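Take a look at it first, and then follow the stops below.

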Amino acid sequence: MNNNVTLSGRLRFLPFGDLIQLLGSNGSTGVLRLVSQWADDPGFVYFADGNPVNAQNGNKEGLDALYSMFGWVDGDFEFVSEPIIADKTITKSRMGIILEGMKLLDDGHIEKLDAPPQPGTVAPDVSSPSSSAPESRIVKGPLVDYMYVVDEEDFFDGEHIVEEGKHGSWMWVILEGIVDIQKEGPSGRIPIIRIGDGSFIGSMASFLLQGHIRTASAIAVGNVQLGVLDSQRLAQEYASLSYPFRMFLTSLDKRLKHLTERSIQHYLNDKRADNLLKDQKLLVKQGKTKDEQIFIIKQGRASVVRNTPSGPVVLCQLGKGDFFGNIPFLHMGQEPEQSAIYGSEDIKISKTEVASLSDEFNGLSVTFKNIVNNMATCMTFTADSICEARRSKQESIAADTNARQKQ
């Protein structure tokens, strides 16, 4: 065995998507090797600072090879820490890769490498008792850091952990189990996101604002074990940060809330946001860029917009004090690679020092950094869900139109 092997195990116990998250949260650099009795050749993924930069699987390379390995349900892996000499062919964000890979697997576009079922057996039903959402679309966080956990609580299937509209100042990390985040709609609860081990319940406002009102409900799916976080320690760490970085964190918190509200609008087919781009100018073009620039809005408003094959989709709105740009230390699945930024005619922006924000982020405690990374993961998932909802709606309208024309 290579002396530099820092992690090894079975894919049955640590699935490929979770493995990518783990290596990402640790900022690992090296080579991940996968072997399976169902594959002719081993697969390789090359990581730099926690991000996949290249991959090989048989005759596949790059992103195609990486996605194909989401189908490796059974097999072994080992990660070797070493300098990387592979060319960087993958630029998509880590969480964007994980969510897209899971979706491709759910939709049957990736071949599963697994033992065939025995004759007469039935595949187990992995759906939860409270929702039909596929288990693989659960958003998970990094490995739990217990330094900030002061107590543990258990909840049972269907129990409310948090209830929308109620006051609360606690924040939890999921130690084990699945939780549905939902909001009230005109005709009942609307599903927002499903979260699992390592994810957090509650926003930063939970421990920063007295009398904070919960903006969504959190409901246990099956039995759930939670770790109660030390709110006082979190508030003290936040207070020790520089003013610009506190503003940056507040902006992230607001953006996630706006994305959530936008997802509700799409669910309810509310088209008011479709007119938001009128008279707005392009500030950041969607696509790959090497420029690491972060801006803060001094005046006016901006829109985060994803250009899709079916047209532009407004993801959320930004206002005074909000940040946008190419943030090198955080992957939100939005601008610039997967979204553009448009600004109002009266918008005024200024550049922010990237290095200082990056240094302060790297100096956060493990728990606080995990909270921020989990927020970014939820942003990626919610933005993808908004675009998927728009695509499905348009396909449904097109199908109905075709059916009427044939009658």
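Helices and strands here are DSSP runs numbered from the N terminus: a helix is H or I with at least four residues, and a strand is E with at least two. Please keep in mind that this is a predicted model.

## A buried glutamine in a loop

Let us begin with Gln 334, which sits in the loop between β17 and β18. Is Gln 334 buried or exposed? Its relative accessible area is 3%, and buried means under 20%, so Gln 334 counts as buried.

What does Gln 334 touch, not counting residues up to four places away in sequence? Its partners are Arg 255, Leu 259, Val 304, Leu 315, Cys 316, Ser 339, Met 379 and Ala 383. The loop between β17 (323-325) and β18 also holds Pro 336, and the peptide bond leading from Glu 335 into Pro 336 is cis, with omega near 0°. For context, most peptide bonds are trans.

## The four-stranded sheet

Strand β18 belongs to an open sheet of 4 strands, with the order β13-β18-β15-β16 and antiparallel pairing. At the edges are β13 (281-284) and β16 (311-318), each of which pairs on one side only. On average, neighbouring strands of this sheet are turned by 35° against each other, direction ignored.

Lys 281 has Gly 343 of β18 as its bridge partner. Helix α6 (residues 243-267) lies across β15 (302-308) and β16, and runs at about 135° to β16.

## Nonpolar cores

The largest nonpolar core has 73 residues, and those with the most contacts inside it are Ile 161, Ile 201, Phe 248, Leu 249 and Leu 330. Helix α8 (residues 366-406) gives the most to this core, with 11 residues. Apart from it lies another core, of 28 residues, including Leu 11, Ala 65, Ile 98 and Leu 105.

Leaving aside neighbours within four places in sequence, Phe 248 is in contact with Phe 323, Ile 327, Phe 329, Leu 330 and Leu 357.

The last stop is Asp 49, in the loop between β3 (43-48) and β4 (51-57). Its phi is near 55°, a positive value in a residue other than glycine. Most residues other than glycine have a negative phi. Asp 49 counts as exposed because its relative accessibility is 59%.

Technical notes
Residues numbered from 1 in each chain as written. Predicted model: local features only at pLDDT ≥ 70, side-chain atom pairs only at ≥ 80, totals over all residues. Heavy atoms only, no water. Pairing = 2+ DSSP bridges. Axes fitted to C-alpha atoms, helices over the stretch in contact; angles between N-to-C directions. Contact = heavy atoms within 4.5 Å. Buried < 20%, exposed > 50% of the residue type's maximum accessible area, 1.4 Å probe, protein only. Core = buried A, V, L, I, M, F, W, Y, C linked by side-chain atoms within 4.5 Å.
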